[in-house]
Amino acid sequence: MRPTWYVTYEVHKRGVLPKRRSPRLTTTFETEAEAKDFARARLHEGLIVFAGTINPHVPRQLVSSHDIAAWLADEQEE
């Protein structure tokens, strides 16, 4: 099975950088449930988290950092 979901999260800064930047890492998952578990763990670490589906997966979804809590809550209500 091919990965259809991704979670991108901002990593903590290490050291002193001459320019301000926001380094991010992305991890891919086969199912939405796996992506939610991973995103929940990163969110509990205090990181900024984004998620979504990988093209050409349809329907295409994008979960912004502002909507991530509601996306995670959807699973708990089911």
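Student: How many of the six residues of E1 are buried?

Tutor: A residue is called buried under 20% relative accessible area, exposed over 50% and partly exposed in between, with a 1.4 Å probe and protein chains only. E1 is mostly covered, as five of its six residues are buried. This is a predicted model, in which local features need pLDDT of at least 70 and side-chain atom pairs count only at pLDDT 80 or more, while totals for chains, interfaces and linings use all residues. Residues are numbered from 1 along each chain as its sequence is written, and side-chain values use heavy atoms, with hydrogens and water left out.

Student: In what order do the four strands form the open sheet?

Tutor: Strands (E, at least two residues) and helices (H or I, at least four) are DSSP runs, numbered from the N terminus. Two strands pair if DSSP finds at least two bridges between them. Here the order is E2-E1-E3-E4, with antiparallel pairing. Strand E2 (24–29) and strand E4 (62–63) are the edges, each pairing on one side only.

Student: Which backbone atom lies 2.9 Å from the side chain of Thr53?

Tutor: A polar contact is a pair of N or O atoms within 3.5 Å; within protein, one must be able to donate a hydrogen and the other to accept it, and residues adjacent in sequence count only if both atoms are side-chain atoms. The atom in question is the backbone nitrogen of Gln61, which lies 2.9 Å from a polar atom of the Thr53 side chain.

Student: How is a pair of aromatic rings described?

Tutor: Such a pair is described by the distance of the centres and the angle of the planes. Rings of Phe, Tyr and Trp (its six-membered ring) pair if their centres lie within 6.5 Å; planes under 30 degrees apart count as stacked, over 60 as edge-to-face and the rest as tilted. By this rule the count comes to three aromatic pairs. Phe29 and Phe38 form a tilted pair, 5.1 Å centre to centre with 45° between the planes. Both Phe29 and Phe38 are buried. Ring pairs link these two residues and Tyr9 into a cluster.

Student: Over the face of which rings does Arg42 lie?

Tutor: A charge sits over a ring if NZ of Lys or CZ of Arg is within 6 Å of the ring centre and within 35 degrees of the ring normal. Arg42 lies over the face of Phe38, at 4.4 Å from the ring centre, and over that of Tyr9, at 5.9 Å. Arg42 lies in helix H1 and is buried, with a relative accessible area of 15%. The side chains of Arg42 and Glu45 are joined by a polar contact of 2.8 Å.
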